[in-house]
Amino acid sequence: MSRETTLSKAVNEAIAEEMRRDPTVFLLGEDVAEAGTPFKVLSGLVEEFGTGRVIDTPISEPGFVGIAVGAAMTGTRPIVDLMFGDFLYLVMDQLCNQAAKSYYMSGGKLNVPMVLRTNMGATRRSAAQHSQSLQALVAHIPGLKVAMPSSAYEAKGLMKTAIRDDNPVVIFEDKLMYQDKAPVPEEEYLIPFGEAAIKREGGDITLIGTSSMVQVALKAAEALSAEGISAEVIDPRTLVPLDEETLVRSVKKTSRAIVIDEGHRNYGVTGEIAARLNERAFYHLDAPVLRFGAMDVPVPFSPALEDLTVPTPEAVAQAARTLCRGELIHAA
Amino acid sequence: MAEAPTHNTEDYLRMYRQMVRIRAFEDTANQLYLSAKMPGLTHMYSGQEAVAVGICAALTDDDRITSTHRGHGHCVAKGGDLKTMFCELLGKAEGYCRGKGGSMHIADQSHGNLGANAIVGGSMGIATGAALTAKLRETGHVAVCFFGDGATAQGLLYEVMNMAALWRLPVIYACENNGYSEYTRTEEIAAGSLTARAEAFGIEAHRVDGQDVLAVNALARDLVERARRGEGPFFVELETYRYHGHHVGDINRDYYRSKDEEAEWKRVRDPIVNFGTWLEAEGIVSADELVAIGEAVKDEAAQAVAHAEAAEYPPGSEVDMHVYKGVDHALAYI
Ligand SMILES: Cc1ncc(C[n+]2csc(CCOP(=O)(O)OP(=O)(O)O)c2C)c(N)n1
Ligand SMILES: [Mg+2]
């Protein structure tokens with residue numbers, strides 16, 4: 001049985017279920033308790049679990065991430081709420097030097113089972129410091145796992161897996177998708193890490209999208225199908241670990257691929273996936289793997305400018321057409 | 001020496017012996033460096049022994065500590081084994097971290113040492129988090145966060161002290177003020193008073209002679225017991241001195257620290273000599289017994305380092321192990 005649920009509610013349910021199941025799970029962050037976060041994702045949890053397990057912190061991101069690392073090392077499973085993904089820069093030492101490396105540096109003795117949930121996504125008219133998609137930054141660091149839910153269904157299943165994982169996991173939710181609904185099973189389920197989902201089958205081109213870019217890819221695929229181009233859409237669901245097999249298998253079938261992620265294009269997630277496809281499927285490719293990401297500028301405020309910086313279904317469809325018709329023209 | 005609390009002879013001797021073990025470990029490690037047998041650099045704890053020993057003697061194995069780049073003393077004092085430590089310093093498989101951490105990351109989970117840290121101030125959150133676990137899980141355990149005077153310049157300290165005070169966490173912030181951070185005097189980097197900074201958060205703060213192991217231990221035992229009862233957090237500034245350079249390679253240091261100053265601390269305030277003298281004067285041990293302890297520890301250190309030198313390096317196949325718990329080899333996973 002399943003029902004339509006918002007992404008926000010799905011995250012809330014996942015956390016509540018895990019907190020009921022495991023008394024060592026707790027929440028920590030700014031305005032997580034009575035306020036339930038500015039996005040209201042955590043509403044109601046403090047009423048059920050109390051302020052001992054839903055802990056409001058001061059505005060001290062490095063401090064409370066560091067505290068979560070120490071708590072995780074000593075027998076609890078903290079879920080840290082980082083209000084905006086843009087604040088990752090503030091916590092880099094605690095996340096990347098401490099949480100990510102502790103298990104390795106200790107030779108496998110001190111693991112850090114914590115979840116850092118945060119968000120990403122532009123076009124909320126929030127300007128350059130509240131709109132970034134910084135998943136590449138953390139996916140670059142060995143020792144961290146990175147999940148990117150693309151719907152309420154993924155958000156719930158991936159969150160539950162993250163909470164049970166014995167390693168630090170960073171989850172990026174798209175802040176524009178909190179009210180988006182999707183069918184979510186009534187009964188309990190988990191989504192394993194490292195298993196991509198084929199969201200639409202097709203034979204001519206593979207569109208690989210992360211998070212909200214799955215919707216961009218699906219819309220592009222819909223437009224293309226009207227023209228007789230059949231696009232396969234794949235959601236990797238986790239960047240680390242990455243389900244290379246499913247991506248490679250699809251590209252071997254379609255011979256073409258476009259990768260879409262909302263982080264900046266340069267040195268980003270899309271480049272990594274494109275490189276892996278080149279390494280594993282080069283002789284199956286009929287065209288170069290293309291990348292779509294956020295334009296490589298700080299995210300501007302003005303709607304007239306901001307809308308130019310994000311990948312659109314139209315742009316992806318157009319690129320897919322040129323690839324499928326063999327029209328990609330390289331500058332001499 | 002401070003007034004002796006209600007110790008028995010065994011406690012005194014354990015503390016004395018632990019200080020001697022730290023000194024012997026460091027002297028041996030320094031030799032390893034000078035004879036080019038040790039990869040990398042290391043920071044010597046010699047001179048500061050009474051701090052680690054006085055505090056750790058007040059803790060149980062279940063109480064946690066976090067340590068620093070100058071961390072060998074904390075590791076020994078918390079129960080660490082010299083052989084396993086030397087193996088780690090030499091990057092051998094039998095080391096505490098299977099050779100993956102080295103001097104600056106020694107962690108000994110079996111005795112509650114959550115690890116040294118090569119980021120100055122980097123473990124302040126971890127210690128505070130360990131105290132949060134103790135509070136949430138009602139374990140009655142205490143966490144001690146060791147850090148240097150230089151680390152008091154990190155903003156993280158003030159973030160976590162604020163939260164520790166708000167949430168009344170059982171954590172003790174132990175600031176080892178050895179007068180220098182690298183090649184800079186503390187006066188040049190620290191405005192005002194360090195204890196006053198903690199007091200501004202409503203945290204009870206103390207200053208103590210870090211060369212007097214009895215004074216350190218008496219204060220630590222009191223604060224640890226009170227922290228267990230929920231009266232924490234606490235802050236302690238321990239006045240101390242490092243005998244070596246900032247690290248083993250810091251040999252010519254006249255430009256920031258005079259030889260006279262170093263000689264004076266060693267002559268008047270050596271924690272081991274002074275405690276030994278006191279033990280003798282109180283009739284607790286004889287001079288011969290102290291010499292015997294010194295000899296036994298020297299043997300222990302010599303055997304430990306010989307073992308470590310002969311020990312095996314980890315096989316190359318371990319290079320991508322221990323990246324993720326539950327994953328044997330990370331490269332086949334990510
Ligand atoms: C964040 C950071 N900045 C700088 C350094 C380089 N560094 C290593 S130890 C040290 C001095 C630390 O002084 P203090 O905290 O007083 O400890 P001590 O060396 O005296 O024991 C510095 C600057 C570092 N490791 N980490
Ligand atoms: Mg210092």
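Me: Which strand of chain A supplies the largest share of the lining of the second largest cavity?

Reply: On a 1 Å grid over the protein atoms alone, a cavity is a set of points where a 1.4 Å probe fits but cannot get out, and lining residues have an atom within 4 Å of a point. Strands (E, at least two residues) and helices (H or I, at least four) are DSSP runs numbered from the N terminus. Three lining residues come from residues 115-120 of chain A, that is, from strand β5.

Me: What kind of model is this?

Reply: Residues are numbered from 1 along each chain as its sequence is written, chains are lettered from A and ligands numbered from 1 in the order in which they are written, and side-chain values use heavy atoms, with hydrogens and water left out. Local features need pLDDT of at least 70, side-chain atom pairs count only at pLDDT 80 or more, and totals for chains, interfaces and linings use all residues, this being a predicted model.

Me: How many charged residues line the second largest cavity?

Reply: Its lining includes A:D81, A:R117 and A:E173. Ala, Val, Leu, Ile, Met, Phe, Trp, Tyr, Cys and Pro count as nonpolar, Asp, Glu, Lys and Arg as charged, and the others, Gly among them, as polar. The lining divides into six nonpolar, three polar and, as charged residues, three.

Me: What is the volume of the largest cavity?

Reply: Residues of both chains sit closest to its centre: A:M73, A:M105, B:L114, B:G115 and B:A116. The lining holds seven nonpolar, eight polar and no charged residues. Grid points are joined across faces, edges and corners, and a volume is the space filled by probe spheres set on the points. For the largest cavity that comes to about 110 Å³.

Me: Which helix gives the most to the lining of the largest pocket?

Reply: A pocket is an open set of points with protein on both sides within 12 Å along at least five of seven lines, and the largest has a volume of about 520 Å³. Among the residues closest to its centre are A:H140, A:V269 and A:E272. At least two lining residues each come from α6 (135-139), β12 (238-240), β13 (257-264) and α10 (269-281) of chain A. The most, four residues, come from α10(A).

Me: Which domains of chain A each give at least three residues to the lining of the largest pocket?

Reply: The domain bounds come from an automatic or database domain assignment. By class, the lining has 14 nonpolar, six polar and two charged residues. The two domains that each give at least three residues are domain 1 (2-185) and domain 2 (197-324).

Me: Why is strand β11 of chain A largely enclosed by the rest of the structure?

Reply: Buried means under 20% relative accessible area, exposed over 50%, and partly exposed in between (1.4 Å probe, protein chains only). On one side of β11(A) lie A:A231, A:V233 and A:D235, and on the other A:E232 and A:I234. The strand is largely enclosed because, of its five residues, those that are buried number five.

Me: Which residue of β11(A) is the bridge partner of A:R200?

Reply: Two strands pair if DSSP finds at least two bridges between them. β9 (197-200) of chain A pairs with β11(A) in the antiparallel sense over three bridges, whereas β10 (205-209) and β11(A) run parallel, joined by four bridges. The partner of A:R200 is A:V233.

Me: Which residue of β3(B) stands opposite B:G148?

Reply: Strand β2 (143-148) of chain B runs parallel to β3(B), and six bridges join the two. Opposite B:G148 stands B:E176.
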